[in-house]
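This report walks through contacts and surface features of one protein chain. Please keep the sequence and the 3D view at hand.

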Amino acid sequence: MELRKINLEDAESQWVYTMTLPVDENGLTNPYHGISLDEYMEKVLPTQISYENPVDMPDWFVPESYYYLWDGDCLIGEYRIRHHLTDALKNGAGHIGYSIKKGFRGKGYGTEGLKLTLEVARAIVPEDEIFLRVNKDNIASQKVMENNGAYCVGEDEEHYFMRISK
């Protein structure tokens, strides 16, 4: 298994993943659900790549990197790393968001993908801990986080707020 940063060479597989990922699945949002390959190539891919080194973004925007989990030639999941957090993100979505393709869930891919993503995040994130948020009804994702050393630091009506030491 390997984690690959978003790139032009894997664009068609990334597009298929992005196009089929629901608009909101367990808290991971995807405004690009259902887009065409041309739209992805012309607008979405360059935009997502630019998020790592943003220019002319609103004050609230933080740099974000997109990674994809691959098992051989099969794209399994998407992982997003926010490079640092605003107060709203510290009390919200946190540093890392991810999804695993249906049909590959429950097979250890989420745990391994988060492990690989944490290796990257630890080199990027300035905070002492990695912040994550998980829906209370998403038991599988809670276990993925716990398998990677996460512990709960709080909750609201819908979410648990988790931390992983750097």
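## Aromatic pairs

Ring pairs link Tyr51, Trp60, Phe61 and Tyr66 into a cluster. Rings of Phe, Tyr and Trp (its six-membered ring) pair if their centres lie within 6.5 Å; planes under 30 degrees apart count as stacked, over 60 as edge-to-face and the rest as tilted. This is a predicted model: local features need pLDDT of at least 70, side-chain atom pairs count only at pLDDT 80 or more, and totals for chains, interfaces and linings use all residues. Residues are numbered from 1 along each chain as its sequence is written, and side-chain values use heavy atoms, with hydrogens and water left out.

By the ring rule, the count comes to 6 aromatic pairs. One of them joins Tyr17 and Tyr68: the centres are 6.3 Å apart and the planes stand at 75°, so the pair is edge-to-face. Tyr17 sits in helix α1 (residues 11-20) and Tyr68 in strand β4 (residues 64-71), so the ring pair links distant parts of the chain, 51 residues apart. Helices (H or I, at least four residues) and strands (E, at least two) are DSSP runs, numbered from the N terminus. Both Tyr17 and Tyr68 are buried. Buried means under 20% relative accessible area, exposed over 50%, and partly exposed in between (1.4 Å probe, protein chains only).

Phe104 and Tyr109 also form an edge-to-face pair, with 5.8 Å from centre to centre and 75° between the planes. Phe104 is partly exposed, because its relative accessible area is 22%. Tyr109 counts as buried, at 13%.

## Salt bridges

A search of the whole structure finds 7 salt bridges. The rule asks for a side-chain nitrogen of Lys or Arg within 4 Å of a carboxyl oxygen of Asp or Glu.

| Acidic residue | Basic residue | N to O distance |
| Asp10 | Arg4 | 3.0 Å |
| Glu25 | Arg105 | 2.8 Å |
| Glu155 | Lys136 | 2.6 Å |

Start with the bridge between Glu25 and Arg105. Glu25 lies in strand β2 (residues 24-25), and Arg105 lies in the loop between β6 (96-100) and α4 (109-124), so the pair ties together parts that are 80 residues apart in sequence. Is Glu25 buried or exposed? Glu25 counts as buried, because its relative accessibility is 13%. Arg105 is partly exposed, with a relative accessible area of 36%.

Next comes the bridge between Glu155 and Lys136. The pair links distant parts of the chain, 19 residues apart: Glu155 is in strand β8 and Lys136 in the loop between β7 (129-135) and α5 (139-147). Glu155 counts as exposed at 52% relative accessibility, and Lys136 as partly exposed at 22%. Elsewhere, salt bridges that share partners join Glu2, Arg4 and Asp10 into one network. Asp10 counts as buried, at 13% relative accessibility.

## Surface patches

Patches are made of residues with over 30% relative accessible area and no salt bridge: like charges are joined within 9 Å, nonpolar side chains (Val, Leu, Ile, Met, Phe, Trp, Tyr) within 5 Å. Accessible areas come from the Shrake-Rupley method with a 1.4 Å probe; for residues, only the protein chains shown count as cover.

Leu8, Met41 and Ile49 make up a nonpolar surface patch, with about 270 Å² of accessible area together. Ile49 is found in helix α2 (residues 37-50). At 36% relative accessibility, Ile49 counts as partly exposed.

A patch of negative charge on the surface gathers Asp137, Asp156, Glu157 and Glu158. Lys and Arg count as positive and Asp and Glu as negative; His and the chain ends are not counted. The place of a charge is taken as NZ of Lys, CZ of Arg, CG of Asp or CD of Glu. Glu158 belongs to the loop between β8 (151-155) and β9 (159-165). Glu158 is exposed, with a relative accessible area of 56%.

## Two further residues

Glu39 is in helix α2. Glu39 is partly exposed, at 38% relative accessible area. Glu39 and Trp15 are 24 residues apart in sequence, and 9.5 Å apart in space, C-alpha to C-alpha.

Where is Asp56 placed? Asp56 lies in the loop between α2 and β4. The phi of Asp56 is near 55°, a positive value in a residue other than glycine. Asp56 is exposed, with a relative accessible area of 78%.
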